[in-house]
Amino acid sequence: MENSLAMTALIFLGAAIIMVPLVRKFGLSSVIGYILGGIIIGPFVLKLTGRGSEDIMHTTEFGVIMLLFLIGLEIEPKKFWKIRKKIFGMGLSQMVLTVASLFLIFYVAKWRPDQALVAALCFALSSTAIVLQTLKEKNIFRTDAGETSFSILLFQDISVIPILALLPIIAERPADKEKQILLQYLPDWLQPFSIIFGVLLLIVIARYLFVPFLRYVSRSGMNELLTATSLFLVIGVSELMDAVGLSPALGAFIAGVMLATSEFRHELESQIEPFKGLLLAVFFVSVGASINFSVIMQDPMFIFTTTIVVLAVKFGVLFGVGKFFKLKMDQNFMVAFALSQIGEFAFVLINYSTNLYLFDPKLNAQLLAITAITMCITPILLIINDKLIEPRWPKPSNNDDEIREPVKEQKIIIVGFGHFGSTVGRLLRVNGIKATVLDNDPERVNILRSNGFKVYFGDAAKPGILRSAGAETADLLILCLDDPEKNKFVLEYAREKFPQLKVFVRAKNRLDAYEFINSGVDHIYRETLGTAVDMAVDILKATGMRAYAARRLGQRFMLIDKAVTRKLAKEEKSDKVTFTMKAYLEREAELLAQDSHSFDESQWNENEDF
Amino acid sequence: MKKTLVIFAHPYFEYSTSNLELVKVYEGIENLVFKDLYEDYPDFHIPAFKERKRIREFERLVFHFPLIWFSIPPLLKLWIDEVFDITWNLEINHPLQNKDAIIIVTVGGKAENYTAEGMYETTLEELLKSLTLSLKVNQIEVKELIAIHNSDDLTKNQLLEISKNIRQTLNKT
């Protein structure tokens, strides 16, 4: 069947839409859903896809490039430094040991040495998409297992880049003859340095061009322009790298790292994320559609023994590495099971190798099938781990006083860093409390950044930006925007998507406060209350009242006013206004008239709250 | 056990070595309310009416605090100033009726310094007179005064021993 590109894309998306919710119901990762969807629409079941699936796979490989860009954005040099031992220690030993063991096994099994090596390299990688999804679903990002998995995956993701560079060398042929236009202008002796040259060029461009460019665009205040710019940057960088004969994935990754410390990090993340998600989804479906079942049928023994060998070797190496780095037993099992599959980069690497004539089409199909099968087995392995293995390791009891878990740092997001927010932020900062700050005024962000504040550009009212700022794992959300409507909007969005967040909100006046109270916020700060009371206290002093008496009155006034506001808010909600505002104000005056110095017991018995 | 209100006052609680351990004694005891003054009233504003009303329901007050410059912590003093009423001792049925008290005080110095012949030429009982007298005129009998000397240098085992002592005192009706 020959379809138009749009029709094929429609079928692919349709398969994803139907299959993903289905597999999610069974508690499996969405990647499995995509692949299964692909298999169903593929040539061996429904035959809905024509030759288009190969093309679509190539097009959507771009999703992987975007994934690398996003990974780059995540790697702030500082964060990288913090877990460097884990990344290089565990990551490197996992890669080296896995590649070595697999290569040895394949070599003994009489594979061609170059094929054995490339297959071992491809199979050593684990699936970032599946594992990160699993960690997120189990909410174990902050545990040892979570951090270890992340470190190993990070190292693997980084090592994709040298592997991509290595493949043409193994194949003993240049990457792509027609495309090396720019590179050919270089003298022969310089060509080996082209990688270094290209990377340096990119770093310079990213450092001195991207950020001013983004600032320029963000000043226009138009949303769709920022989306366009983000895409322009990623596609532009990968095309540029392609033109100088380097891996586009490497380019995207470096561009990401260079932008990780800029104020546009979260904005870029939220802009690119949906495209990445969409492209990767279609990519996985096309992977499913291109699994060649007749190849599996021809030699099922080969496929299944290889699959089992790969899983066993990966599991063994991960477990050994974990043990060597003194991971606790239960955590170690978790990591070893979770990372035992082959990752999505294998699809890219295997197809790339086939283009380099390293693999013939038959072996290509077999390797792809093995990769997909290991991915489908992961959820089953994790269920086994959950049900059978984890219960055998008792959770460390909290009764022992000697084991003191270090207090976990609270993760804070401040939205709005104008005069109000920056005052909040400064007091936090002098106490060494770090916060992720979002502001949507490019000028202000620029000025604050040059003064050493870590502020990110981004409009928190836009979906996605809070998520990229880390709202999923954050503890406190501080809303300091000028516009109360915007605060309300962000509040509602955050309540729905990130219910674990404790919210602190700035309110202009009583009326704003009512709404916040009724939507269940406990921490409300009326900017017109504190300052006005301070002023009134000083005026009382000026009229001759003793300063201590004035201060006491001021504090009592605040307490009474806050309590009355709460009561009024509730009545406003229930529409049963028993007291009018006026009646309350009179009552407030009455309460204030009785200072706590009043010695008449009959008075204080009923006013116990203040 | 008697219905108990623990009035805990410590301006530098997070730096205290002994009290962090000792307050664990109060965890999970039925009929006991733990009131952390410096946490509840950080701006030194005490809602006196509320306190006066609540205090009526308790049968025992436990004052737990460190000795600061030979005196009780300022917020505890303020709490007494705001909540207690000098006219009460003339009344029948006032809020402080039918109560007894326990005082638990941590002291950085050695016990031998707090004697008439010692370095400070006075005793802990003398120094705490403002508190004990305020209780006495309101007919609150101080059942026990537990003084914990050398409080910055106690070992875990010593602290556990003191905790045991406090627990026993609380359980004595």
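Leaving aside neighbours within four places in sequence, Thr106(B) is in contact (heavy atoms within 4.5 Å) with Ser18(B), Asn19(B), Leu22(B), Phe65(B), Pro66(B), Leu67(B), Ile148(B) and Ser151(B). The model is predicted: local features need pLDDT of at least 70 and side-chain atom pairs count only at pLDDT 80 or more, while totals for chains, interfaces and linings use all residues. Residues are numbered from 1 along each chain as its sequence is written, chains are lettered from A in the order in which they are written, and side-chain values use heavy atoms, with hydrogens and water left out.

Thr106(B) lies in strand β4 (residues 100-106) of chain B; strands (E, at least two residues) and helices (H or I, at least four) are DSSP runs, numbered from the N terminus. Thr106(B) counts as buried because its relative accessibility is 3%, buried being under 20% relative accessible area, exposed over 50% and partly exposed in between (1.4 Å probe, protein chains only). The side chains of Thr106(B) and Asn19(B) make a polar contact at 3.3 Å; such a contact is a pair of N or O atoms within 3.5 Å, one able to donate a hydrogen and the other to accept it within protein, and residues adjacent in sequence count only if both atoms are side-chain atoms.

Chain A contains 28 helices and six strands. Of its 610 residues, 49% count as buried. Among contacts in chain A between residues at least 6 apart in sequence, 74% join residues at least 24 apart.
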